[in-house]
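Visitor: Could we go through this structure together? I would like to begin with the sheet and then turn to a single residue.

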Amino acid sequence: MALFDETVDVLVVGSGAGGLVAALTAAAAGLDVMLIEKTPLFGGTTAHSEGMVWVPLSPHAVRKGCEDSAEAAFTYLSAVAGNHLDAAKARAYLQAAPAMLRFVEDTSRVRYSLAGSLDYYSDRPGATAGSRSLRVEPMDGRTLGPVFHQVRPPLRSTLAFGGMTITGADLPHALRAHRSVRAFAAMARLTGRYAWDRVRGYGRGTRIGNGHAVAACLVEALARRGARMVRDAALQDLIMSDGRVAGALVSVSGKAMRVAARRGVVLATGGFSNDPKRKAEHFDHVGRSHAHALLASEASTGDAIEAATAVGAAMTANLAQPAAWTPASLVPQRDGSTVAFPHYVDRNKPGFIAVDATGRRFANEAAGYAPFTAAMVEACRGRAETEAWLVADARAVDRHG
């Protein structure tokens, strides 16, 4: 075996929710864990996300007496994925997901609650209304200590006043603040706290939520267990020995380090949202020079895919949808740049319609963001850009934002 600079039980590559939970699981089992993150901040795309999870028969749903079953959830997945479904993996997920959620809440400060959201494909067999999607409860980032400054902040375009987090639970208050005394009071409290945070020099609000809170709480839980977490550490290659992955070559702040992993290497670096070559290869509309707005981490360049395929791993494209498409606007900034703003909550409200360049509707606006954007891609084949327009009257905008 080649000489190594470091030896651990488990090496985890990537610090989104997948990598963080994998590292926390190994650490909780008493293993020696190292987690590496390519960028200067932990959290990956998870920190930019809403942080919701889809877990049928979660402890939260069971406590509330929600009517559901594993078979109903499997029927739903079968209806959505069709012949793309890997039945064994789907059943394994349905069996393990509730235990995973329980483990995360037991070993970290992440707290979830039922979001009351419909399943994205609510017209498919097995769908339920509000018993499977869970959202993150907000928390006080000041209690995280140094971790607060080590986790990437949310997307700038989703923050109010340049740094105040609006969670899914806050959104109804934000949209009704000009019509409801109760909603106005709730938003006044949030805004007052944010202003006080800025006065004290935090730079952004310390009340955190969504995927940012998930990432921060998991990083804090790993730190408490003494797991080694290394930033500015990029995966270069996987190291093979006797036909198995024995470790990895890592670049830490530009310096090469060979890390041996006795129990294995977990690749959790996300996809290739910021890799033009792979996007053009797998998404034919990108190959026709249609641009994508980046909502994922800028570090999502397919490093793990490159390393794994180089040692014989296979990559399948047999997917019902090749990406988690989301419609986004490019919001102009004062410095001349643009920031992507995801259309999660406005597009599907009463009074809004979406049309293509010819003024024609091309999808049900109330559809989930992935199928909606897939329909937008299809509607724009043969055109210069993949684009659409949201059209609404002042009443709809006033009511729904």
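Predicted model: local features only at pLDDT ≥ 70, side-chain atom pairs only at ≥ 80, totals over all residues.

Visitor: In what order do the six strands of the open sheet run?

Guide: The order is β8-β2-β1-β11-β10-β9, with mixed pairing. Strands are DSSP runs of E with at least two residues, and helices are runs of H or I with at least four, numbered from the N terminus; two strands pair if DSSP finds at least two bridges between them.

Visitor: Which are the edge strands?

Guide: They are β8 (228-230) and β9 (233-241), each pairing on one side only.

Visitor: And in which sense do β1 and β11 pair, parallel or antiparallel?

Guide: Parallel, over seven bridges between residues 6-13 and residues 255-267. Val-12 stands opposite Val-266 of β11.

Visitor: What does helix α1 touch?

Guide: Helix α1 (residues 17-28) touches β1, β2 and β11, where contact means heavy atoms within 4.5 Å.

Visitor: Changing topic, where is Arg-204 found?

Guide: Arg-204 is in the loop between α6 (181-199) and β7 (207-208). The contacts of Arg-204 beyond four places in sequence include Tyr-194 and His-212.

Visitor: Which atom lies 3.1 Å from a polar atom of its side chain?

Guide: The backbone oxygen of Phe-148 does.

Terms used:
Residues numbered from 1 in each chain as written. Heavy atoms only, no water. Axes fitted to C-alpha atoms, helices over the stretch in contact; angles between N-to-C directions. Polar contact = N/O pair within 3.5 Å; in protein donor to acceptor, adjacent residues only side chain to side chain.
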